[in-house]
Amino acid sequence: MSDYRNAEDRLLTLAEAIAAALDSIQPIREVETAPLLDACGRVLAAAVPARLDVPPHDNSAMDGFALYLADLHPDEPTRLPVVGQALAGHPYRGAIPRGAAARITTGAMTPDGPDAVIMQEQCRIAPDESWIEIGPKVTARLKLGENIRRRGEDVQAGSVLLPHDLRLRPQDVALAAGQGIAALEVLRRPRVAVASTGDELCEPGVELPPGAIYETNRYVLIGLLRRLGCAVTDLGILRDDRDVVLPALRTAAASHDVLLTSGGVSVGTADLVRDAIAELGRIEFWRLAVKPGKPVTFGRIQECLVLGLPGNPVSVMVSFLLFARPLLLKLMGTEPAEPSRLRVAADFAFQRKPGRREWLRARLRLDPERGPLASIYHTHSSGALSSLSWADGLVELPEDRAGVAPGEAVDYLPFSGLGVE
Ligand code: AMP
Ligand code: MG
């Protein structure tokens, strides 16, 4: 228990901890085929090239008439016979002769010949649609190619449609569908086992014994992991008993990529999890210069990454979002991007001792005069789960920052930028 990286009592900064942990993580390589409707949230195993031009043919952006611009008189109305129609899905076969127009609907392939589409609202149309008339004012504004969407203007065949490490969003999947691709090659989901530890914990749904509390951490962690796209195994609540914790961790580590625990990593007498990790594998580091979440422990049991999060519910969610999430993203094969940070004004005062990076549960609102303002929850206890339910993001105070006075600039991290909507 003394060979971990920061044994000499120095807390690692979050940046040091993430860099060290990322360094030791190899992304998953196994590839699976995901039908399009199951592909959202998965990470692409390889870049997807475009095999088709989109649109595949020139087509109309409007309901109107396809015509030759040069047929229109600049200073008097032009009457053109309508010689045919091109409807979406029903192309006009053949060419439109000079001096004539064709009815065309949005998305219909433009017939051979015409070089512009005029909106139907801009023409006089014969009651039987046998001709249209275009006035000189409209003619003056019409440009070559007007209202025609060109073949390949959206996507060109041969270009990179989707890059290799993309975590697929609905619009990316739709782009693949637009190429006629029915399934995508994606990386296997990380297998993550989740356990809560503590003799005081009790499952929701049963009556609370004296001295017990209902367990909440697995509900946060499993929800966040599923959103991220992990395959989760729920190990339930483990009693504070070495004979329970040790075999549970050993078994789970053998069949998972990641073991995520909460509780049992601080310095209390029943902090068995850290000891168990050290006994079954090794601890790379524990204790970060962060608040909440200081006792975070990172290690390995054989190939399985072990993230021992603290027990307090706020510490659990914050350390998951700021520490565990980037590691899981790397494991999933995608870029563990920095959370988005907005510079906003503080609508609160806060005093503290510098040294640790700290996150306060915050809400953002737009003040008509003062711009975006962050306010914070009334209590900062790391046990107050209500603060997270109230908040829509976190205010981040860097290690060296002392207090915050009202009106000063602070960094605000919206939950949406951390994968929590
Ligand atoms: P620990 O890190 O195990 O000492 O736990 C710190 C605090 O978090 C204690 O007050 C625990 O009761 C509480 N706690 C630990 N695990 C959970 C959990 N799964 N759900 C709710 N509270 C927890
Ligand atoms: Mg405990």
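This is a predicted model: local features need pLDDT of at least 70, side-chain atom pairs count only at pLDDT 80 or more; totals for chains, interfaces and linings use all residues.
Visitor: How do you know that domain 1 and domain 4 are in contact?

Guide: Contact asks for heavy atoms within 4.5 Å. Here 19 residues from domain 1 and 19 residues from domain 4 take part, so the pair passes that test.

Visitor: What area is buried between domain 1 and domain 4, and which atoms give it?

Guide: About 1600 Å², with carbon and sulfur atoms giving 71% of that. On the domain 1 side, Lys291, Val314 and Leu322 supply 34% of the area buried against domain 4, more than any other three residues.

Visitor: Which elements of domain 1 touch domain 4?

Guide: Strand S19 (290-291) and helix H7 (313-332) each supply at least two residues. H7 gives the most, with eight residues. By type, the domain 1 side divides into twelve nonpolar, four polar and three charged residues.

Visitor: How many salt bridges cross from domain 1 to domain 4?

Guide: Zero by the rule. To count, a side-chain nitrogen of Lys or Arg would have to be within 4 Å of a carboxyl oxygen of Asp or Glu. Polar contacts are another matter: seven residue pairs between domain 1 and domain 4 make them, both residues at pLDDT 80 or more.

Visitor: What surrounds ligand 1?

Guide: 15 residues do, and the closest are Glu200, Glu215, Thr216, Asn217 and Gly264.

Visitor: Why is the approach of threonine 216 to ligand 1 called a polar contact?

Guide: The cut-off for a pair of N or O atoms is 3.5 Å. A nitrogen atom of ligand 1 is 3.0 Å from a polar backbone atom of threonine 216, so that pair qualifies. Glycine 264 also passes, because one of its polar backbone atoms is 3.0 Å from an oxygen atom of ligand 1.

Visitor: What makes proline 55 and proline 292 worth a stop?

Guide: Most peptide bonds are trans. The bond from valine 54 to proline 55 is cis, with omega near -5°, and proline 55 lies in the loop between strand S2 (48-49) and strand S3 (59-60). The bond from lysine 291 to proline 292 is also cis, with omega near 0°. Proline 292 is in the loop between S19 and strand S20 (297-301).

Visitor: And what makes glutamate 129 stand out?

Guide: Most residues other than glycine have a negative phi. Glutamate 129 is not a glycine, yet has a positive phi of about 60°. You'll find glutamate 129 in the loop between strand S8 (124-125) and strand S9 (131-134).

How values were computed: Residues are numbered from 1 along each chain as its sequence is written. Chains are lettered from A and ligands numbered from 1 in the order in which they are written. Side-chain values use heavy atoms; hydrogens and water are left out. Buried area is the accessible area (1.4 Å probe) that two parts lose on being put together, summed over both. A polar contact is a pair of N or O atoms within 3.5 Å; within protein, one must be able to donate a hydrogen and the other to accept it, and residues adjacent in sequence count only if both atoms are side-chain atoms. Helices (H or I, at least four residues) and strands (E, at least two) are DSSP runs, numbered from the N terminus. Ala, Val, Leu, Ile, Met, Phe, Trp, Tyr, Cys and Pro count as nonpolar, Asp, Glu, Lys and Arg as charged, and the others, Gly among them, as polar. A residue is near a molecule or strand if one of its heavy atoms lies within 4 Å of it.
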